[in-house]
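Student: I have a model open and a few questions about it. Can we go through them one at a time?
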Amino acid sequence: MMSTIFCIDYTLLIVLQGALLLGITSGMLGCFALLRQQSLLGDAISHAALPGIVLMFLCTHSKNPWVLLIGGACAGVIGVISMQFVCTHTTLKKDAVLGIILSVFFGFGLVLMTVAQKVPTSNQAILNKFLFGNVATLLEQDIRAIAVLSLLIVITLFVCWKECVMYVFDPLFAHSLGFKPRIIETVLTILLILAIIIGLQTVGVILMSTMLIAPAAAARQWITRFGSMVLCAALFGGCATTLGVYASSVIDHMPTGPAIVVVASCIVFISLLCAPQRNVAS
Amino acid sequence: MKNISKISALHVSNLTISYNNTIVVSDLSVTIPCGVMCGIIGPNGAGKTTFIKALLGLLPMSAGSIHILGDDIKNIRNKVAYVAQRSSVDWDFPLTVFDMVLMGCYGRLGWFRRPNATHYQQVYDALAAVGLLDFAHQSIGVLSGGQQQRAFLARALMQQAEIYFLDEPFAGVDITTEKIIIDLFKQLRDEGKTIIVVHHDLFTSATYFDYIMLLNKTCIASGAVDDVLTASNLSSTYGTNFIPYIWNVAQKKCDQL
């Protein structure tokens, strides 16, 4: 009896660690995306990851999520590159391009999933968890991988802090000082893709963008300095993911992604209503 | 005009810039000496902003060559400060005035190096020079238009540059700001710096600047104020219909005085 309780608590502890790291990293990077007015870029990248994940499954039949996520990351990169290509070579506006890339990649991914269902193996069940996220399947080695990626993100942000903040605020000025905008842009986009990769198992491709937008939007309501805003968004993100994961583990058949999104939305809602100076009434 | 050295501040020859297959600046050649306050004057859509961005290597040029202090812009970025139009940034960004002005020293620091106490002191000095010391630790969101322009200028002062390029610094600013900017320009010029300003208002240009470049797609004329602001130059820049109009406005201004 004691051992079963211990077992449950131990699994939950593992899962909560992963969720906390996801909340922190996506909250931090969300601030950069939000202030670059590119909130939907994360949405497009996460949806674009789906065909990569399924293609990787079709090639390897692996049920190791990290093997599949490598495919997802590659598809994310291809998504970003095709967005830039379409933007520079057509007269289409950015929001239209984001919408097109998002739906084309996602639709393609769903078609591939139907193909994957017919593969004579029982491993394809893993693909479903990438849609809405299923935190219950996270293992200790997954947490280790998530921790390494999170650390990489935090260290990179710390090292390039002044360059990134300057670029997000005033890219033209950064360029005039000799900091190549393309380098900083690429670094930020790679970090964004890494954060999304961390989140896909937990929150899923469909709702991942909430993890990037909601904590940052809520933090912006309360905070007027960028550094503090990033910390605050990390805090909000961490709260949303841990509470959401806890809810999904105690309520039967509650998918993790939606549970996290509901908590995150509550934080945004309260921030919009209550934050001094920037609340709805003012 | 003190400290005019033999190297010109700006030497442009046969510059052509196209944007979306439209030629914005064509076959422009101009030389601006060191130690002047130079106004770049021309009508709306004359390519003034495009020209200044190209000078700083922020836009690709189709043809021609640009030398700043006798060198390529890539090699002397730390001697050049650029102040864009203040509408170019989001003033609702979560930054304090101090944080924003501090960015002026990032070019000197280069990649990864952090500012230290010396730089912080320089920020306070720059803020004092533009009269914004009281706003140092306030959010940039509280600044008025004129104060935004002065904060931008303080950030440029932090660059400790030899040449300052400014895009419409007088657009929509209050009289206090205008006076502070002009005094600062004069002080910088007297220290031997060169100030190159894109300016839309022909009538104030003679009082603000000691050197003028008339621009409309190409350089119509450049030189000392009295030599350049002639009827024929102005009609080439603004079109022949413009001359009676200028005359009217000028007379009205005289009547007011």
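Student: Which residue in β6(B) does Y82(B) stand opposite?
Tutor: Y82(B) faces F165(B) in β6(B). Bear in mind that this is a predicted model.

Student: How many bridges hold β5(B) and β6(B), and in what sense do they pair?
Tutor: There are four bridges, and the pairing is parallel.

Student: And the side chains of β5(B), which way do they point?
Tutor: V80(B) and Y82(B) point one way, while A81(B) and V83(B) point the other way. All of them are buried. In a regular strand, side chains alternate between the two faces of the sheet.

Student: What is the strand order in the sheet that holds β5(B)?
Tutor: The order is β5-β6-β7-β3-β8-β9 in chain B. It is an open sheet of six strands with mixed pairing.

Student: Which strands sit at the edges?
Tutor: β5 (80-83) and β9 (218-224) of chain B, each of which pairs on one side only.

Student: How do β3 and β7 of chain B run, parallel or antiparallel?
Tutor: Parallel: five bridges join β3 (residues 37-41) to β7 (residues 194-199) in chain B.

Student: Backbone angles next. What is phi at N14(B)?
Tutor: Phi of N14(B) is near 50°, which is positive in a residue other than glycine. Most residues other than glycine have a negative phi. N14(B) belongs to strand β1 (residues 10-19) of chain B.

Student: Why does N14(B) count as partly exposed?
Tutor: N14(B) has 13 other C-beta atoms within 10 Å. Exposed requires 12 or fewer and buried requires 20 or more, so 13 falls in between.

Student: What about phi at F112(B)?
Tutor: F112(B) has a positive phi of about 70° and is not a glycine. F112(B) lies in the loop between α3 (106-109) and α4 (117-129) of chain B. Because F112(B) has 10 C-beta neighbours inside 10 Å, it counts as exposed.

Student: Now chain A. How many helices and strands are there in chain A?
Tutor: Twelve helices and zero strands. The C-alpha atoms of chain A fill a box of roughly 60 × 45 × 35 Å along the principal axes.

Student: What radius of gyration does chain A have, against that of a compact globule?
Tutor: Chain A has 19 Å, and a compact globule with 282 residues would be near 19 Å, so the two agree. Buried residues make up 50% of the 282. Of the contacts in chain A between residues at least 6 apart in sequence, 75% join residues at least 24 apart.

Student: What span should α3 of chain A have?
Tutor: At 1.5 Å a residue, the 25 residues of α3 (residues 65-89) should span 36 Å. The end C-alpha atoms are 36 Å apart, so this agrees.

Student: What covers the buried residues of α3(A)?
Tutor: The cover includes α2 (39-60), α4 (94-117), α5 (125-132), α6 (140-159) and α9 (181-200) of chain A. Among the buried residues of α3(A) are P65(A), L68(A), G76(A) and M83(A).

Student: Is L243(A) buried or exposed?
Tutor: L243(A) is buried, because it has 20 other C-beta atoms within 10 Å. L243(A) is in helix α11 of chain A. L243(A) and L20(A) are 223 residues apart in sequence, yet 9.4 Å apart C-alpha to C-alpha.

Student: Last topic, the interface. How many residues of chain A are in contact with chain B?
Tutor: 19 residues of chain A are in contact with 18 residues of chain B. On the chain A side, α7 (161-169), α8 (171-176) and α11 (226-250) each give two or more residues. That side divides into ten nonpolar, four polar and five charged residues.

How values were computed. Residues are numbered from 1 along each chain as its sequence is written. Chains are lettered from A and ligands numbered from 1 in the order in which they are written. This is a predicted model: local features need pLDDT of at least 70, side-chain atom pairs count only at pLDDT 80 or more; totals for chains, interfaces and linings use all residues. Two strands pair if DSSP finds at least two bridges between them. The expected span of a helix is 1.5 Å times one less than its number of residues. Two residues are in contact if their C-beta atoms, placed from the backbone, lie within 7 Å. Ala, Val, Leu, Ile, Met, Phe, Trp, Tyr, Cys and Pro count as nonpolar, Asp, Glu, Lys and Arg as charged, and the others, Gly among them, as polar. The radius of gyration is taken over C-alpha atoms; the globule rule is 2.2 Å times the number of residues to the power 0.38.
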